[in-house]
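Below are some notes for a colleague who has not looked at this model before.

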Amino acid sequence: MHFISEDLEDYVANHSENEPELLAKLNKETHQKILQPRMLSGHFQGRVLSMLSKIIRPIHILEIGTYTGYAALCLAEGLPENGTLDTIDIEEELVDFQKKYFDASPWSTQIIQHLGDAIEIIPTLNKKFDLVFIDADKENYVNYFHLIVPMMNKGGIILSDNVLWSGKVLEEVKANDMSTQVLLEYNKLLKEDPRVETVLLPIRDGLTVSRVL
């Protein structure tokens with residue numbers, strides 16, 4: 001997932017906003033106790049998510065793929081007092097871990113956890129979203145996108161993570177590699193769909209910013 005040197009990544013992080021104390025604790029505990037800690041957004045990408053949310057000032061945020069809650073807390077930094085963040089994950093064993101950090105944050109009453117299949121949960125959310133972060137199973141990215149676009153306010157932003165997929169998008173795709181196949185389809189969709197305008201940022205493992213027209 002390193003597209004620039006680690007030394008340069010460290011320089012970038014060191015010259016960006018500091019990682020908040022609560023998130024540093026979450027980061028550390030995730031690496032100590034949870035499988036696949038590389039899935040964590042981490043300091044630099046987290047500050048990018050925070051900055052984008054603060055610029056957008058969303059009333060309603062949707063996150064697909066909570067993991068341990070790091071990105072959710074970063075996105076919540078841009079919420080006004082009447083704002084909400086719905087976050088969906090399918091891993092039951094992570095719910096209490098997430099909740100511990102959500103409850104310790106200033107946004108404990110604004111973050112709404114959902115456990116289950118996002119494809120089933122998203123249509124039940126009776127909201128218009130200003131900001132969506134897609135960071136779940138790659139095989140469903142296209143499905144999530146088509147579900148979400150009609151639920152977005154005009155000018156709303158869809159952020160999509162891992163769209164460079166460790167550089168696999170440039171390699172010959174193996175027949176059984178569904179994740180890469182779908183991500184290639186998804187990246188093409190974001191470029192060509194007339195409902196959005198898109199820029200793909202080479203941040204960490206690739207972050208796409210799509211604005212709903």
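How do the residues of the lining of the largest cavity divide into nonpolar, polar and charged?

1. The lining of the largest cavity has six nonpolar, four polar and two charged residues. Here Ala, Val, Leu, Ile, Met, Phe, Trp, Tyr, Cys and Pro count as nonpolar, Asp, Glu, Lys and Arg as charged, and the others, Gly among them, as polar. Among the lining residues are Met 39, Leu 40, Glu 63, Tyr 67, Phe 133 and Asp 135.

2. On the source: this is a predicted model, where local features need pLDDT of at least 70 and side-chain atom pairs count only at pLDDT 80 or more, while totals for chains, interfaces and linings use all residues. Residues are numbered from 1 along each chain as its sequence is written, and side-chain values use heavy atoms, with hydrogens and water left out.

3. The volume of the largest cavity is about 70 Å³, and the count comes to one cavity of 30 Å³ or more. The largest pocket holds about 780 Å³ of space. On a 1 Å grid over the protein atoms alone, a cavity is a set of points where a 1.4 Å probe fits but cannot get out; a pocket is an open set with protein on both sides within 12 Å along at least five of seven lines; lining residues have an atom within 4 Å of a point. Grid points are joined across faces, edges and corners, and a volume is the space filled by probe spheres set on the points.

4. The largest pocket is lined by 34 residues, of which Gln 36, Met 39, Asp 135, Ala 136 and Asp 137 are the closest to its centre. Its lining divides into 13 nonpolar, seven polar and 14 charged residues.

5. The largest nonpolar core has 30 residues, and Leu 26, Leu 49, Leu 73, Leu 75, Leu 85 and Leu 159 have the most contacts inside it. Such a core is a set of buried Ala, Val, Leu, Ile, Met, Phe, Trp, Tyr and Cys residues joined through side-chain atoms within 4.5 Å. Helix α4 (70-76) is one of the elements that supply at least two residues of this core, and α4 gives the most, with seven residues. Apart from this core lies another, of 28 residues, among them Tyr 144, Ile 148, Val 182 and Tyr 186.

6. Helices and strands are DSSP runs numbered from the N terminus (helices H or I, at least four residues; strands E, at least two). The buried residues of α2 are Leu 23, Leu 26, Asn 27, Glu 29 and Thr 30, where buried means under 20% relative accessible area, exposed over 50% and partly exposed in between (1.4 Å probe, protein chains only). What covers them includes α3, α4 and α5. Not counting residues up to four places away in sequence, Leu 26 touches Leu 40, Thr 68, Gly 69, Tyr 70, Leu 73, Phe 97 and Tyr 101; contact means heavy atoms within 4.5 Å.

7. Ile 55 is found in helix α3 and counts as exposed because its relative accessibility is 62%.

8. Tyr 67 lies in the loop between β1 and α4 and is buried, at 9% relative accessibility. Trp 165 sits in the loop between β5 and α8 and is partly exposed, at 21%.
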